[in-house]
Amino acid sequence: HAAKINSTVHGVVLGVQSYSFRDRPLEAAIAAMKDIGIGTVELTSGHVEPKGSREELRKWRISTPLDHFKDVGKKFDAAGINLYAYNYSFRDDFTDEEIERGFAMAKAMGVKYITASSNVTTAKRVAPFAAKHKIKVGMHNHSNIKPNEFARPEDFEEARKAGANILINLDIGHFVAAGFDPVDFLSKHHERIVTIHIKDRKKNQGANVPFGEGDTPIKEVLGLLKAKKLKIPANIEYEYKGEDTVAEVRKC
C-alpha cells in the first residue's frame, strides 16, 4: 500500500471519474491522478475492458478471470488512490449473466458501488443482483429527455421502485442542461446519491464548458456538501474541449 492520497478539502471528498482520462490507458491515467493529487476515483469500464464488437465484449465480460479485476484494484491501492466505484453501464441489451458479472467485477476490485448509464426499465433487472451481492448502484443521468433514459427527477423515482439498492449518480452538468436544479435535488435526496459528477454545462441542452463558464452551480453544490458534512464523492468529469488532459483536470 502506498500512503493514501488525501483530496478531501473542508470535509468535501474531491475525486475524479476516470473517463476524464479517456485519452490514455489505465496505468497512465493512474499516474496522472497521482500527479494531480486525486485520492478517490470512479473507474469507467473503458479503462478495464477491451474495444470490440458488442458480442466480443459480452464474451470477454463473462469469461475473463476475476483476477484481472483484482489486479486493477491493486494498481489503485499501490498508488494510494481509493477506488470508490466502478462505472459499468447496465443496458437493456445485457443478458442476466452479463448483469451479474458486473457485481463480481466490482467485488473483485473491492468496491461497494457501481455507477451506470442505464435504462430506467433495466433497474428492475439489476435490483435483485444488487441485493444479492450487497452492492449499491447509482443510476447516472444525461440531459436527453427521452423515454427509458435517466434525465429527470421522476426517472430516478421510477427506478427507485425496483429496490433499495437502486440509487443515484447525479451529474450536475447534465441536470442543469436538462432544466433542473441540482442544489435543490441534492438537498432533498442526498441520502440516495452515491457519487456526484462535477462538470459545467450551459442551460437548455447547452455545451460542456470550462468550469465557471456555464450555468451549473458547482460552487453551491460543493458548499452544500461542506455545510451538510456529506461524504458523497464530488468527482470531476472533464468533458469540454481542452488542450492537455492533465493540465485541464488540474485546473478543474
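Modeller: The account below starts with the whole protein, then follows the strands, and then turns to one helix and to the aromatic rings.

This is a predicted model, in which local features need pLDDT of at least 70 and side-chain atom pairs count only at pLDDT 80 or more, while totals for chains, interfaces and linings use all residues. Residues are numbered from 1 along each chain as its sequence is written, and side-chain values use heavy atoms, with hydrogens and water left out.

The protein contains 10 helices and 11 strands; these are DSSP runs (H or I of at least four residues for helices, E of at least two for strands), numbered from the N terminus. For 252 residues, a compact globule would have a radius of gyration near 18 Å, and the 17 Å of the protein agrees with this. That radius is taken over C-alpha atoms, and the globule rule is 2.2 Å times the number of residues to the power 0.38. The C-alpha trace spans about 45 × 40 × 35 Å along its principal axes. Lys59 belongs to helix H2 (residues 54-63) and counts as exposed at 62% relative accessibility.

Of the 252 residues, 54% count as buried, where buried means under 20% relative accessible area, exposed over 50%, and partly exposed in between (1.4 Å probe, protein chains only). The accessible surface comes to about 11500 Å², and carbon and sulfur atoms hold 53% of that area; the areas come from the Shrake-Rupley method with a 1.4 Å probe, and for residues only the protein chains shown count as cover. Among contacts (heavy atoms within 4.5 Å) with a separation of 6 or more, 74% join residues 24 or more positions apart.

The close look begins with strand S8 (residues 193-198). Six of its six residues are buried, so S8 is largely enclosed by the rest of the structure. Two strands pair if DSSP finds at least two bridges between them. S8 pairs with S7 in the parallel sense over four bridges, and Asn169 stands opposite Thr195 in S8. S8 also runs parallel to strand S11 (residues 234-236), to which three bridges join it; here Ile196 stands opposite Ala234.

Gln17 is buried, with a relative accessible area of 1%. Leaving aside residues up to four places away in sequence, Gln17 touches Glu42, Leu43, Thr44, Asn87, His197, Asn235, Ile236 and Glu237.

Strand S4 (residues 82-87) runs parallel to S5, to which three bridges join it, and Ala85 has Tyr113 of S5 as its bridge partner. In a regular strand the side chains alternate between the two faces of the sheet. In S5 (residues 113-116), Tyr113 and Thr115 point one way and Ile114 and Ala116 the other, and all are buried.

Helix H5 (residues 122-133) has 12 residues and reaches 17 Å from its first C-alpha to its last, close to the expected 16 Å, which is 1.5 Å times one less than the number of residues. Its buried residues are Thr122, Ala123, Val126, Ala127, Phe129, Ala130 and His133. Their cover includes helix H4 (96-109), strand S6 (136-140), helix H6 (153-160) and strand S7 (166-171). Lys134 follows H5, with a positive phi near 55°.

Lastly, rings of Phe, Tyr and Trp (its six-membered ring) pair if their centres lie within 6.5 Å; planes under 30 degrees apart count as stacked, over 60 as edge-to-face and the rest as tilted. By this rule there are 12 aromatic pairs. The rings of Tyr88 and Phe90 have centres 5.3 Å apart and planes at 80°, so this pair is edge-to-face. Tyr88 is buried, with a relative accessible area of 0%, and Phe90 is buried at 0% relative accessibility. Phe175 and Phe180 form a tilted pair, 5.3 Å centre to centre with 40° between the planes. Phe175 counts as buried at 1%, whereas Phe180 is partly exposed at 25%. Ring pairs also link Tyr86, Tyr88, Phe90, Phe94 and Phe103 into a cluster.
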